[in-house]
Amino acid sequence: MANLVADHVLNRLTEWGVHRIYGYPGDGINAFLGAFDRAEGDPEFIQVRHEEMAAFMACGHAKFTGDVGVCIATSGPGAIHLLNGLYDAKLDHQPVVAIVGQQAMASLGGSYQQEVDLTTLFKDVAHEFVHMATDPAQIRHLVDRAVRIALDQRTVTCIVVPNDLASEKAVETPPRKHGTVHSGTGYSRPKVVPEDGDLERAARALNESEKVAMLIGQGAMHAADEVVQVAETLGAGVAKALLGKAALPDDLPFVTGSIGLLGTKPSYDLMMGCDALLMVGSSFPYSEFLPEEGKARGVQIDLDGRMVGIRYPMEVNLIGDSKETLKALIPRLERKEDRAWREEIEGSVHDWWKLMEERALLDADPVNPQRVFWELSKRLPDGAILTADSGSAANWYARDIKLRKGMLGSLSGTLATMGPGVPYAVAAKFAHPERPVIALVGDGAFQMNGMNELITISKYRQRWSDPRLIVLVLHNNDLNQVTWEQRAMEGDPKYEASQVLPDFPYARYAELLDFKGIRVDAPDDVGPAWDEALAADRPVLYEAITDPEVPPLPPHITLEQAHYYLKALAGDPDRGAMFMESLKQKLAGFVPGR
């Protein structure tokens, strides 16, 4: 059979190194389904339960490999379903290509069934490149440009292929004549380093300061050695935006951990006490957790010139790759012999981890969620990959998990959408079948879509050399993050009509899919249950019955937050437990010298 346009799209993607595409079938991509069959597994079609999950998996693939992720969906409703996952990729700067079907070209403009103006629909999420193919001779350069632009701009691109065009005979090499485009594959990221003069100005600002704070994000993921060298030279502490949690191990004594509402007190104190801020590969948005304007000199390193100088008024903005720019900066930095600032930071970090342990081991009804994460952290296997969903699970992932060197972790950092925890884990397992993968999700996100992707795990699990894929579900029957936001940010009591979730037997459900189901409702069983899960010969659903009244305390409680808390407490249906758990958590921090 002669190659069709659909075959040509898939063949071209494999030339770009794409060997796995996440999607869900539909008649708008029937020609592609036939092409996948003829491709005999390269590229492979991974069948998910919903198109949104396909987009999340493509994003997760990009996050855990650095390569472009690809998803495919049919026209109309299938294409629409992709959007949330694609926005997750766009906002977290991940290279993802979406292939979407469309109704036959002759029907367009006729208010045909499932006809949606897809180029307009995708114009925002794939604003750097979205095009509908109308001629077989376009296919080569549309695929080449979609992949290359996604990689170069670290963004989402989209190709729309009408179903009748997909079934036409491919034109693998366009005719050499006026009006045709002749593209090729291949992309290598350039070496981008700032001008010497800018590096000198940055070094001067840092050398003249006495208390340097560093804030790193996912843009520093490949620059750990250079970040450590700069921190050692300047006697700096290093805070991490949540997308950059895996950029530097949490067991380094000068790493203060996450920053922001989900962050740590050492990170807060680092920012409030510094006289210079060096931001590397991060666009952390919350100004109230950064130094007050005018109190610290600022230097920022980012590959994207559009993203510098918008979070803090920097003295020097360095446009460049974080690793190469730090390499060029290091010889210009002077070692700070006075280590009092560094010693203060390390003491604060040491005390913080002791406090986290104390809080995790406090009694709750029945299980303290912090303990679930604390006990896991001590047992994490080398090379583990962790995914976290949005919600209270992200709080405990940020604070109670110590990632070591060689581990990976991610979540929806900028869109902060619910739902990517399990699909990210599936993508991580496909990309790294030899590594243990653990998804950390709340019962809200699991009910929303995570539970369906257990079916996907069950479908493909025999292919993974390491069987360990563990899904933790925090079973508290509460949309807990929003409940606490209602209380602390609005002064409203818990609104049970919106916040209380229906009860569900998560572990028993997973057992229907041949998972090992573990249900934990006693504190002393938390650690042994993790041992059992990590030793299992199949995927595991770890269901922890946790207390929704354990508060995710911010690193610094403002008077306004305290006022709203007390206002909410007066009318909250769970005010007794809410008050006692908050009191216990807060009292654990009142230790002399801490």
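Glu 15 counts as partly exposed, at 48% relative accessibility. The residue is found in helix α1, which covers residues 5-15. The model is predicted.

Next comes the sheet. It is open and has 6 strands, ordered β9-β8-β7-β10-β11-β12. The pairing is parallel. At the edges are β9 (255-258) and β12 (316-319), and each of them pairs on one side only. From one strand to the next, the twist averages 15 degrees.

Helix α12 (residues 322-329) packs on this sheet. The helix touches β10 (276-280), β11 (297-302) and β12. Its direction makes about 135 degrees with that of β11.

Within the sheet, strands β7 (residues 212-216) and β8 (residues 237-240) run parallel and are joined by 4 bridges. Ala 213 stands opposite Gly 237 in β8.

Arg 371 has its place in helix α14 (residues 369-379). Is Arg 371 buried or exposed? Arg 371 is buried, because its relative accessible area is 16% and buried means under 20%. Beyond its neighbours within four places in sequence, Arg 371 is in contact with Ala 360, Leu 361, Pro 523, Asp 524 and Val 526.

The two residues with accessibility values are set side by side here.

| Residue | Relative accessible area | Class |
|---|---|---|
| Glu 15 | 48% | partly exposed |
| Arg 371 | 16% | buried |

Conventions. Residues numbered from 1 in each chain as written. Predicted model: local features only at pLDDT ≥ 70, side-chain atom pairs only at ≥ 80, totals over all residues. Heavy atoms only, no water. Helix = DSSP H or I, 4+ residues; strand = E, 2+ residues; numbered from the N terminus. Buried < 20%, exposed > 50% of the residue type's maximum accessible area, 1.4 Å probe, protein only. Contact = heavy atoms within 4.5 Å. Pairing = 2+ DSSP bridges. Axes fitted to C-alpha atoms, helices over the stretch in contact; angles between N-to-C directions.
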